[in-house]
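I opened my notebook to look up a few things in this structure. My entries follow, starting with a single residue.

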Amino acid sequence: MKNIFSIFKIENIKKHLKEVVSRFPISVGIIAIVALCFLTMNHGSFSSAIEDNIVRAIFSLIITFFLSLGVYISSESLEYDFSKKTLIQ
């Protein structure tokens, strides 16, 4: 019987992360930028105007993430090559 926790091995996690980054490079970049925005919101002391702009940026990036993911997956179904998929994204 297969161990249910075998998916949490470091080697498996690294392999799957490399697959995700190579398949969705722009979406992973957007996720990294959103994480940085959250960190700056939590650990910085800004005026309310700047905090409002950061929140707007976070929401805009989240919408862009889902649109980017949808465009990339639809371009995969049309069987475009990698450079064309990234360019469309």
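**Entry on Ser75.** I looked up Ser75 and found that Ser75 counts as buried, at 2% relative accessibility. I noted the cut-offs: buried means under 20% relative accessible area, exposed means over 50%, and partly exposed lies in between (1.4 Å probe, protein chains only). Ser75 sits in helix H3. Helices are DSSP runs of H or I with at least four residues, strands are runs of E with at least two, and both are numbered from the N terminus. Which residues does Ser75 contact, leaving aside its neighbours within four places in sequence? I found Tyr80 and Lys85; contact means heavy atoms within 4.5 Å.

**Entry on the source.** I wrote down that this is a predicted model, in which local features need pLDDT of at least 70 and side-chain atom pairs count only at pLDDT 80 or more, while totals for chains, interfaces and linings use all residues. Residues are numbered from 1 along each chain as its sequence is written, and side-chain values use heavy atoms, with hydrogens and water left out.

**Entry on confidence.** I checked pLDDT, the predictor's confidence in each residue, from 0 to 100. The protein has a mean pLDDT of 86, and 96% of its residues reach 70 or more.

**Entry on the overall form.** I counted four helices and zero strands. Along the principal axes, the C-alpha atoms fill a box of roughly 55 × 35 × 15 Å. Of the 89 residues, 17% count as buried.

**Entry on the salt bridge.** How many salt bridges does a search of the whole structure find? I got one. The side chains of Glu76 and Arg23 meet in a salt bridge at 2.6 Å, N to O. Because Glu76 lies in helix H3 (residues 48–77) and Arg23 in helix H1, the pair ties together parts that are 53 residues apart in sequence. The term means a side-chain nitrogen of Lys or Arg within 4 Å of a carboxyl oxygen of Asp or Glu. Glu76 is partly exposed, with a relative accessible area of 22%, and Arg23 is also partly exposed, at 38%.

**Entry on the nonpolar patch.** I found a nonpolar surface patch of about 670 Å², made by Ile4, Phe5, Phe8, Ile10, Ile13 and Leu17. Patches are made of residues with over 30% relative accessible area and no salt bridge; like charges are joined within 9 Å, and nonpolar side chains (Val, Leu, Ile, Met, Phe, Trp, Tyr) within 5 Å. Areas come from the Shrake-Rupley method with a 1.4 Å probe; for residues, only the protein chains shown count as cover. Ile10 belongs to helix H1 (residues 10–23). Is Ile10 buried or exposed? I read a relative accessible area of 51%, so Ile10 is exposed.

**Entry on Glu79.** I noted a positive phi of about 60° at Glu79, although Glu79 is not a glycine. Most residues other than glycine have a negative phi. Glu79 lies in the loop between H3 and H4 and counts as exposed, at 71% relative accessibility.
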